[in-house]
Amino acid sequence: MQIESRWLFPCEPHHIWPHFLHARMDDTRPLLFRLGVPKPISCKVLEGVAAVGNTRQCTTDRGTIDQRILILQPDERLRYQMQKSTVWCADWVGLLVDTFELREVPGRGTEVRRTTQFEAAGNLRWAKGLGLWAGLRQAHAYASRNWRRLAMQAQLAEAQARLNGVPMR
């Protein structure tokens, strides 16, 4: 199965990109998270530096999800695949691969396309697949809202630094 989401962020790719690899989410709890779907709290690269082969770890309120970085093209493209997880529904997942593609839209900002490919595992795959689909849709919306917030903060900090004469980027 596949879920694709697209968003337009009113900033440059370099304002968004770092937050795919290191981010802290807000404290809001949309409905499905209140019903037990693992809510993302933060993400980081365990080795400290993002590189192909390194591990991006998503910490949720229900455990962690370790993802191997497969493609890393800064400000353009990121792909990672789930390797292991401690969340309660980890055994539902046979495959989970996320791809992010960023494209600058002159005068408008950056289009971000997120594609999640997944397969359910075990008995009752159709039911687990439906649950995964709903949870991943919620995760897409929640994460994008947070990445937008973080990107806007980064853009504001960059503008303030320029006003103060601090060279950026």
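Author: In this predicted model, I3 stands opposite T116, a residue of β8.

Reader: Which strands pair there, in what sense, and over how many bridges?

Author: As a general idea, strands of a sheet pair through backbone hydrogen bonds, and the pairing may be either parallel or antiparallel. Here β1 and strand β8, which covers residues 109-120, pair in the antiparallel sense over eight bridges.

Reader: What packs on the sheet, and which strands does that element touch?

Author: Helix α4, residues 125-163, packs on the sheet and touches β1, β2, β3 (40-45), β4 (55-60), β7 (93-105) and β8, while its direction makes about 160 degrees with that of β8.

Reader: In what order do the strands of the sheet lie?

Author: Eight strands form an open sheet, with antiparallel pairing, in the order β1-β8-β7-β6-β5-β4-β3-β2. The edge strands are β1 (2-9) and β2 (23-24), each of which pairs on one side only.

Reader: How many helices and strands does the protein have, and what pattern do they follow along the sequence?

Author: The protein has four helices and eight strands, and, read along the sequence, these elements follow the pattern β-α-α-β-α-β-β-β-β-β-β-α.

Reader: How should I read the overall dimensions, and what radius of gyration does the protein have?

Author: One compares the value with that of a compact globule of 169 residues, which would have a radius of gyration near 15 Å; the protein has 17 Å, which agrees. Taken along the principal axes, the C-alpha atoms fill a box of roughly 60 × 35 × 25 Å.

Reader: What share of the residues counts as buried, and what share of the contacts joins residues at least 24 apart?

Author: Of the 169 residues, 47% count as buried; among contacts between residues at least 6 apart in sequence, 52% join residues at least 24 apart. The protein exposes about 9000 Å², of which carbon and sulfur atoms supply 54%.

Reader: Which residues is I65 in contact with, leaving aside its neighbours within four places in sequence?

Author: With those neighbours left aside, I65 is in contact with R56, Q57, C58, T60, M82, K84, S85 and V87. As for Q83, I65 and Q83 are 18 residues apart in sequence, and their C-alpha atoms are 7.7 Å apart in space.

Definitions and conventions
Residues are numbered from 1 along each chain as its sequence is written. This is a predicted model: local features need pLDDT of at least 70, side-chain atom pairs count only at pLDDT 80 or more; totals for chains, interfaces and linings use all residues. Side-chain values use heavy atoms; hydrogens and water are left out. Contact means heavy atoms within 4.5 Å. Two strands pair if DSSP finds at least two bridges between them. Helices (H or I, at least four residues) and strands (E, at least two) are DSSP runs, numbered from the N terminus. Axes are lines fitted to C-alpha atoms, for helices over the stretch in contact, and angles run from 0 to 180 degrees between N-to-C directions. The radius of gyration is taken over C-alpha atoms; the globule rule is 2.2 Å times the number of residues to the power 0.38. Buried means under 20% relative accessible area, exposed over 50%, partly exposed in between (1.4 Å probe, protein chains only). Accessible areas come from the Shrake-Rupley method with a 1.4 Å probe; for residues, only the protein chains shown count as cover.
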